[in-house]
Amino acid sequence: MLAADTALIFGRYARQTLSSKFQMLFGVLMPLLYLVLFGPLLTGLPLGSRGSSWQILVPGLLLQLGVFGAGFAGFSVLIEKNWGVLERMRVTPVSRLALLLGRVLRDTALFLCQAVLLVLAALAMGLRAPLAGILIGFAFVALLTVSLASLSYAFALRVNTPGEFGPAINTVTVPSMLLSGLMLPMTLAPGWLDVLSHFLPVRYLVDAMRDAYVGSYASAHMLYGVLVAVAFAAGAVTVGTRVFRRAGA
């Protein structure tokens, strides 16, 4: 029943997404602009990390898709809550976990498609990375999307207006992007800032992805990245499920 309910919810939201080409296009537009406008500035600079500037920048941009896209996913729940859609779903026998997973899996599929487009553009601009590393990167993007989308939906059920939701998400996502080293390696940062960044899960994911993009699959960064990504996803889905059940969504 859970699988069938999840597939039903996923199909509903996937059809909504496919009917909105602008959502798919503009979701990847900001990372593409960073790639085109910011990437060439890094060429030849001593970034204090292995690999070319593209092997450093592209993993960060891929995770940026998850941080911003999945972080703001809860806006759709706010709209449905205000329109009474969630109330109508509440009286159906659909699993509460499926109501969360269907949405999260739709988001994951959307951001993976956008990630593929971003990597293709990066390859055209000069990125060189092993296929296995690129695929591992997609897995990290998927896990981060599952984590942040679950927390975003849970938080959206706890607030009442976009005016409460938007600023709170911005307060979390923007510092996370800067402190996690998505744009530049944290090895360039002062020591205290580097230490502070280790309290953010995304830091471990971006370090692991950059190792994958240079073909280093057995590094400590890779091990920590996998463990943190899996644990973060499991914890976020657990929190999201509990909130959905208690809220009667």
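The second largest pocket of this structure has a volume of about 300 Å³. Of the 15 residues that line this pocket, L148, L151, V172, T173 and S176 are the closest to its centre. The model is predicted, so local features need pLDDT of at least 70 and side-chain atom pairs count only at pLDDT 80 or more, while totals for chains, interfaces and linings use all residues. Residues are numbered from 1 along each chain as its sequence is written, and side-chain values use heavy atoms, with hydrogens and water left out.

**The second largest pocket**

- A pocket is an open set of points on a 1 Å grid over the protein atoms alone, where a 1.4 Å probe fits, with protein on both sides within 12 Å along at least five of seven lines; lining residues have an atom within 4 Å of a point.
- Grid points are joined across faces, edges and corners, and the volume is the space filled by probe spheres set on the points.
- Helices α4 (53-71), α8 (131-158), α9 (162-179) and α11 each supply at least two residues of the lining; helices are DSSP runs (H or I, at least four residues), numbered from the N terminus.
- The largest share of the lining, 5 residues, comes from α9.
- The lining holds 11 nonpolar, 4 polar and no charged residues (Ala, Val, Leu, Ile, Met, Phe, Trp, Tyr, Cys and Pro count as nonpolar, Asp, Glu, Lys and Arg as charged, and the others, Gly among them, as polar).

**Helix α9**

- The 18 residues of α9 reach 26 Å from first C-alpha to last, close to the 26 Å expected at 1.5 Å a residue (1.5 Å times one less than the number of residues).
- F165, G166, I169, T173, S176 and M177 of α9 are buried (under 20% relative accessible area, with a 1.4 Å probe and protein chains only).
- These buried residues pack against α4, α5 (75-83) and α8.
- Just after α9, G181 takes a positive phi of about 75°.

**S152 in helix α8**

- S152 is found in helix α8 and is buried, with a relative accessible area of 2%.
- Leaving aside neighbours within four places in sequence, S152 is in contact (heavy atoms within 4.5 Å) with A70, G71, F72, A73, G74 and F165.

**Helix α11**

- Helix α11 (residues 201-213) should span 18 Å for its 13 residues, and its end C-alpha atoms are 19 Å apart, which agrees.
- Because 11 of its 13 residues are buried, α11 is largely enclosed by the rest of the structure.
- Among the buried residues of α11 are V202, R203, D207, R210 and Y213.
- Just after α11, G215 takes a positive phi of about 85°.

Key
Buried < 20%, exposed > 50% of the residue type's maximum accessible area, 1.4 Å probe, protein only.
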